[in-house]
Amino acid sequence: MTVTVARRAWLTDLPVLLVAVVWGSSYLAAKGITTAQTVLAVLVLRFAVVIPVLVVAGWRKLRALSGAQLSGAGLLGLILAGIFLLETYGVVHTSATNAGLIISLTMIFTPIAESRVRGTRLSGAFMAAAGLSVLGVVLLTQGTGFSAPSVGDLLMLGAAVARTVHVLAMARMDSVRGADSLSLTTIQLGTAVVVFALLSTTSGTDATPWAVAAGFGGAQWLGLLYLSVFCTLFAFFVQMWAVRRTSPSRVSLLLGTEPVWAAVVGITLAGDRPGWLGFLGVALILGGTAWGRSVAGRDGDAETASPGDDGTGNPAQAAAASDVEPAQPHGTDPGLEPAGRA
């Protein structure tokens, strides 16, 4: 009996771990098909593949959304568009390793922001973990010699802040509570694509989606489909499947390994060489975010949900489930957690 349960748990964990792996590799995949002039076009193309599938899969519940839920999801979609823009422009101007590690600071920023909103105090252990993570980012970005951080590093830092805003907005917006997660995801991505399409048509310097699509070779199309099919659709549906077979916290824990895979892919496949200070920064970021995540998780489990909080619990766990659908603590399901994945 125990063997059967363990085997079933492993079969559930493996697809979730694969989601973390593909998310970790998504920075290199995006960097391989995107330039500063094609960011908007690539984003339009990436999600033009995804949205029809989501609409067909959730059409009935999508039609059942109320006006307030549509408005709330649309507002979240605007924030989401900002996340994608910051991340994708950021990954163009920095290394895949830096992008994947700097964005992991969302796991630190989110509990800090939540504590400010709630008026609570974080433990000393968490603040120590946050300090290690920030020091790690400094060393990572200065690993080859002390200088000003690159534009890409700063954009990824801004994306981490924007993700934090997105997580808190989802947890606090009454209009989206109780709405179907697939429907909210579809509306958010649809809103983001509208933003990208409008920007691409009004920009005088960026290539249009159809021009970029016409110029793509086989390798670029494979990269785009990898981002669309695996990093978005596969990730979304695996999480929906897994969260019904195991605990949301377990799903979130596995997805939290994504920065590890980003570092592995960037260093081994992209040939990123951060220098010895940069490698020390990598270790501090991974250790600090893992420590902070575990401390925040314990603190969140120890707290009782405040009145009006609807049991949304600790958003630090949601912040780790970054690309499409977070496994929310306490079984809540507010929709698309920072789908911002480059």
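Rings of Phe, Tyr and Trp (its six-membered ring) pair if their centres lie within 6.5 Å; planes under 30 degrees apart are stacked, over 60 edge-to-face, the rest tilted. Phenylalanine 236 and phenylalanine 237 form an edge-to-face pair, 5.2 Å centre to centre with 90° between the planes. Phe47, Phe84 and Phe196 form one aromatic cluster.

This is a predicted model: local features need pLDDT of at least 70, side-chain atom pairs count only at pLDDT 80 or more, and totals for chains, interfaces and linings use all residues. Residues are numbered from 1 along each chain as its sequence is written, and side-chain values use heavy atoms, without hydrogens and water.

Buried means under 20% relative accessible area, exposed over 50%, partly exposed in between (1.4 Å probe, protein chains only).

| Residue | Relative accessible area | Class |
|---|---|---|
| Phenylalanine 236 | 1% | buried |
| Phenylalanine 237 | 33% | partly exposed |

A nonpolar core joins buried Ala, Val, Leu, Ile, Met, Phe, Trp, Tyr and Cys residues through side-chain atoms within 4.5 Å. The largest has 39 residues; Val16, Trp23 and Tyr27 touch the most other members. Helix 1 (residues 2-33) gives the largest share of this core, 8 residues. Apart from it lies another core of 23 residues, including Val44 and Phe84.

Helices (H or I, at least four residues) are DSSP runs, numbered from the N terminus. Helix 6 covers residues 106-118. Its buried residues include Met107, Ile108 and Pro111. Just after helix 6, glycine 119 takes a positive phi of about 75°.

Notes:
Helix = DSSP H or I, 4+ residues; strand = E, 2+ residues; numbered from the N terminus. Expected span 1.5 Å × (residues − 1).
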